[in-house]
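Hi,

Here's the structure I promised to pass along.

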Amino acid sequence: MLHDPPARRIDYLRVSVTDRCNLRCRYCMPAAGVPEVSHHDVLRFEEIAAFVAVAAGEGIGTVRLTGGEPLARLGCPELVRQLRAVDGVREVTLTTNGTLLPRYAPALREAGLARVNIGLPSLDPATYRHLTRGGALEDALAGLAAAFAHGFSPVKVNVVLLRGVNDDPAPFVALSEQLPVEVRFIEYMPIGPVAPHRYFVPADTVVARLQAFGPWEEVDPLPGAGPAGRAFRRPGAPGRIACITPVSDHFCHWCNRLRLTADGRLRLCLLAPQEIDLKPALRPQPDPEALRMLLGRAMREKPWRMADTTVELGRRMSQIGG
Ligand code: SAM
Ligand code: SF4
């Protein structure tokens, strides 16, 4: 089992399969995008699987594929298949903007993908287009429909809030009253390119607005609830609402995760610059013993809490994977 010095159990790995994306969300990337990792530097699926095999041997049971947009990389279902075949991996999940899900959902399901989280920052076509710099809401909604049609469960919807842009919860409350989704309102983290003093909305503000809709019932956390610990639903509604509060209420004390970037670095904390380069232990051939040593080093060096936001973090969200 992997434990770090404060005795947090680390059993969850987020794998960014690409830093590329077909959208340019304002809270995630600058308009011009970010410098892309060269093809040579991007880990091959076999290299990812070799690391996951070592990590699973040490207690990593859940692997989440993310990006960039993971489905923008060809062959994602094949990666899911390889990871599902690793001893010790209990589930493989996916975080996606959903726009390519209609194309890949059947193959992903067949490959053994368990669940999907879909980034869907607005249900209004113009606001969605504005927030994603050109994305079409209908594509993301088709992705949401595909997730249900192919039996992924539960389906979660990620809504990064920007003040005055998409911070009216009403459409998402309505969505939770129609579909068995979990809507997760996420506080904007200052790793993104827009100015936090202008756009940050604390979760408390959203909670106060939600109270105006009438009574809510607290419901049990879903599998992999992670930082969205508590969830609520309107009486009788199939869906639910949760808030993720990385800024107003850090959840570092029970962090359970590591992150692997597309260029093969183990990121020890989302909001701290420390990384360990795995490439020397992966190329020319994966060396399990060397990878195990680097995992041990990761446990010793994993920060106890997020850096304060004035620290240079070295990467944008799309280069880490959320
Ligand atoms: N492209 C996929 C997507 O959009 O879901 C996966 C990668 S994206 C970097 C992963 C998640 O990061 C998104 O779902 C979004 O909720 C979150 N995210 C991006 N920028 C953020 C920010 N500045 N603050 C908080 N969450 C952010
Ligand atoms: Fe792309 Fe996801 Fe970032 Fe939006 S949040 S730009 S979809 S990586």
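This is a predicted model: local features need pLDDT of at least 70, side-chain atom pairs count only at pLDDT 80 or more; totals for chains, interfaces and linings use all residues.

Residues are numbered from 1 along each chain as its sequence is written, chains are lettered from A and ligands numbered from 1 in the order in which they are written, and side-chain values use heavy atoms, with hydrogens and water left out.

**Ligand 1**

There are 20 residues around ligand 1, the closest being Tyr27, Gly68, Glu69, Asn158 and Met189 (a residue counts if one of its heavy atoms lies within 4 Å). By class, that shell has seven nonpolar, eleven polar and two charged residues; Gly counts as polar here, and Tyr, Met and Cys as nonpolar.

As for polar contacts (N or O atom pairs within 3.5 Å), a ligand 1 nitrogen sits 2.7 Å from a polar backbone atom of Tyr27. Another contact puts a ligand nitrogen 2.9 Å from a backbone N or O atom of Met189. Asn158 uses a polar side-chain atom, 3.2 Å from a ligand oxygen. Of the 540 Å² of accessible area that ligand 1 has on its own, the protein covers 94% (Shrake-Rupley, 1.4 Å probe). Strands β5 (91-96) and β7 (155-160) are the elements giving two or more residues to this shell (strands are DSSP E runs of at least two residues, numbered from the N terminus).

**Ligand 2**

Around ligand 2 you'll find Cys21, Leu23, Arg24, Cys25, Tyr27, Cys28, Met29, Gly68 and Asn97. That makes six nonpolar, two polar and one charged.

**Salt bridges**

The structure holds 19 of them (a Lys or Arg side-chain nitrogen within 4 Å of an Asp or Glu carboxyl oxygen). Glu91 and Arg115 meet at 2.6 Å, N to O. Glu91 is in β5 and Arg115 in β6 (residues 115-119), so this pair ties together parts 24 residues apart in sequence. Both residues are buried (under 20% relative accessible area; exposed is over 50%, partly exposed in between, with a 1.4 Å probe and protein chains only).

Arg315 and Asp263 form another, with the closest N and O atoms 3.3 Å apart. Here Arg315 lies in the segment after α10 (288-301) and Asp263 in the loop between β12 (257-260) and β13 (265-267), 52 residues apart. These two are buried as well, and they join Arg267 and Glu275 in a salt-bridge network.

Cheers

Conventions:
A polar contact is a pair of N or O atoms within 3.5 Å; within protein, one must be able to donate a hydrogen and the other to accept it, and residues adjacent in sequence count only if both atoms are side-chain atoms. Helices (H or I, at least four residues) and strands (E, at least two) are DSSP runs, numbered from the N terminus.
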